[in-house]
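Subject: Handover of a structure and summary of findings

Dear colleague,

Please find below the structure that I am handing over to you. I would be grateful if you would look through it alongside the notes that come after it.

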Amino acid sequence: MTEGHEPTGRDPASARADADLTPTAYAKLLRHSPHLVGLLSPLGAIEYLSPAAVDHLCGQDADADWNTQRGLDAIHPDDVDLAAQAFLDALAQPGVPVTFAHRTIHMSGQVRSIIGTFHNLIDDPEVGGIALYCADVTDHEQLAAELRARDAEQQRADASLHDARMRFEEVFEHAPIGMAVAELSGRFFRVNPAFCAMLGYSADEMVGHTFAEFTHPDDLTENLLLHDGCRTGERQDYMIDKRYRRRDGSYVWCRVNVGVVRSPEGEPLYQIGQITDITEHKSNADALEREARYDVLTGLATRKLFLEALERELLAARRRPTTLAVLFIDLDHFKHVNDTLGHSAGDELLAAAAKRLKSVLRASDLACRFGGDEFVVLCPDLADPADVATVAERVRAVIEQPFRIRDTDLFLGASIGIAIAEESSDSDLLLSQADSAAYRAKARGRNRFEVFDEELRTNISNRLATEQALRRAIDEGELVLEYQPVIEITSGAVCSFEALLRWNRPGVGLVYPGDFLEVAEDRDLIVPIGYQVLEIACAQLAAWKDAGPDGTTPHVAVNVSARQFAHPEFAERVEKIVTAAGVDPSTLSLELTESTLMDDMIATSGALRRLRGFGIELAIDDFGTGYSSLSYLRRMPVSIVKIDRSFVLELGDAAAGSAIVASVIQLAHALGMRVVAEGVDSAERVASLVALGCDYIQGFYFAPALPPADALSYMHREPRALLR
Ligand code: C2E
Ligand code: CA
Ligand code: CA
């Protein structure tokens, strides 16, 4: 090979024909080619190798020389046969290139991947041999793999685009919800069958028209605003509840979700809308809204609507010379009817009472069912404050008339409290004033009305003062317990104590529950107070361990109100307190009133059973005052019945009184319960109770509630058996 002639004077921009290349140029092209070129004799001897081929075969080894054997040795032993076959194939087919893949072993020992092509040019007198072209593709394999992967990816993308299109078509055509594709102008170009069915049009009738043409005029402005937001790119999508006009002219409430579809470059292309019929949902929502404002049973305003109206009218009243008044109406004896005749009769009665109430009010007055059997009336515009008395009297008189429910005449009454708005009144204040006036109406004999006045004002402020002092009392440990002995009739011994709460109020002295429990219940203080009472009682039980006669431990009963029991963690807290004090749970009992036990929530909460399972005994307190029956209460895990003092008082007076106590005792025993008579204050009553077979007696006849030290010494007194 010779070199030396540099190709000059050619226009690099124009392609050259073969003939334009000088032999030197050919040689140079060959030299710089990464491909290996060789010439083999028809017998397979290597006659020529291009520089790259020499390099491949001999590397930097300057002394090495190539020869045919070396060429053969370079072929991977496993591929020698294959290369030989290719050579034979080429020999057999002059002019036809035969390509074969094989591996070589590089000078460095590295295995290389080579694509070789034999081209039989024996017939060409200028060549007279078999040309061999080899491309080392070792490094290209990676590249090729990448190319293949890129290819596969493209195919996958194409396939999934295709899939997505198919799926979209499928969904679009068969979706149960309406779907539409629209130009950015809002003009439909596709609508699906569900959407057509929703509006009663065919697809042809809708395509080409804009959504606006099918939209209720009242919803159009909002819809166009949202649509424009999408068009300008301000928003990506929007949701609207709107009405579409159907073909028959009616409207259908729909929830519409619209999204903009963009090109990969972010150019907005078209919009897709999903349309759901929400007629049903909407009417439910409307019904709910109505329900929130009007009581379902009576049709009167709900508390919510009433409070809104009251706020509004109070504001307006300031600018008016007239008087605004609120009447709080509590139905007398309703609970009794409800308990004896059942809830549905109770409901009928409430509805009838509400109807009568409305009949005596003016159109401008607003009557509301405030809850349960409580009603309030707002008279926003009375010419004379005295007129409110007329209204109240009319209400009282109309409720007093007997109600005929299920062929029975039922008698109710109305205890009515009136509050008249002043300059500074707000709705809460006015309602609580009317409430406390109603409370006084009840206390003064029911079926009457009372007007909130100075006396009640002091009453309210006293309650406020009590509440504040009581909060402090809890923190300062001013609450203490006294213990009233309960005597077992057969032995005359003290078998247990009832813990009764006392408030050691600074500057006042010992305050009894009657003077503060109601405030505690109303102001949600009874729950913390109740836990404190339990802690004190348990500490006392622990101190009295083995301290009774003959090393016995007395039992203690603690009163629990419904509100305490309704506290979700009540049972858990009680267990914790008992356990922490190290007290045997069987020495503690809890007294619950009948009404607490009849509260569905409490009866079903599982707390009763949990406490019983823990070992604590449960007692029904004040039995006989709550219209319940023992057989009903038997379903509760209760083992002690406390007959209310009011029945004990009737003992001996009239045969009827004794008969009631006698039957309660008999029934309780039949149900496996033990009976305590409470409030027993005379020897005669003790004698009657002994005769009737009562188990235990509690009352001033023996002892009032005593401070702990006195209770302990009372326990050790000589027992007198109360023999029958
Ligand atoms: P109660 O559970 O019916 O308690 C019996 C009440 O009758 C006690 O009044 C007691 O002193 C009184 N009493 C006992 N024997 C006689 C008697 O022979 N004649 C008369 N006239 N009364 C007698 P007290 O201590 O004023 O308690 C009143 C109510 O306060 C209790 O009625 C109970 O419902 C509630 N109470 C007391 N302590 C607690 C407490 O720690 N927690 C809760 N939630 N309520 C309590
Ligand atoms: Ca009690
Ligand atoms: Ca009681």
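The notes below begin with the chain as a whole and then turn to a metal site and to one histidine.

Please bear in mind throughout that this is a predicted model.

**The chain as a whole**

The chain is built from 27 helices and 26 strands. Its C-alpha trace spans about 150 × 80 × 50 Å along the principal axes. The radius of gyration is 51 Å, whereas a compact globule of 724 residues would have a value near 27 Å.

Of the 724 residues in the chain, 42% are buried. The accessible surface comes to about 37,700 Å², and carbon and sulfur atoms account for 53% of that area. When contacts between residues at least 6 apart in sequence are considered, 57% of them join residues at least 24 apart.

As to charge, the chain carries 111 negative and 70 positive side chains. The centres of these two sets lie 8 Å apart.

**The calcium site**

Which residues coordinate the calcium ion recorded as ligand 2? The donors come from E498 (OE), N559 (OD1), E591 (OE) and D621 (OD), at 2.1 to 2.2 Å. Along the chain, these donors follow the spacing E-x60-N-x31-E-x29-D.

**Residue H209**

Where in the chain is H209 found? H209 sits in the loop between helix 7 (203–206) and helix 8 (217–231). Is H209 buried or partly exposed? With a relative accessible area of 32%, H209 is partly exposed, because buried would require a value under 20% and exposed a value over 50%.

Apart from its neighbours within four places in sequence, H209 is in contact with G186, R187, F188 and F214. By contrast, D123 is 77 Å from H209 in space, C-alpha to C-alpha, with the two residues 86 apart in sequence.

I hope that these notes are of use as you begin to work with the structure.

Yours sincerely

Terms used
Residues numbered from 1 in each chain as written. Chains lettered and ligands numbered in written order. Heavy atoms only, no water. Helix = DSSP H or I, 4+ residues; strand = E, 2+ residues; numbered from the N terminus. Rg over C-alpha atoms; globule rule 2.2 N^0.38 Å. Buried < 20%, exposed > 50% of the residue type's maximum accessible area, 1.4 Å probe, protein only. Contact = heavy atoms within 4.5 Å. Areas by Shrake-Rupley, 256 points an atom, 1.4 Å probe, with all protein chains shown as cover. Lys, Arg positive; Asp, Glu negative; His and termini not counted. Charge placed at Lys NZ, Arg CZ, Asp CG, Glu CD. Donors = N, O, S within 2.8 Å, 3.2 Å for Na, K, Ca; no water.
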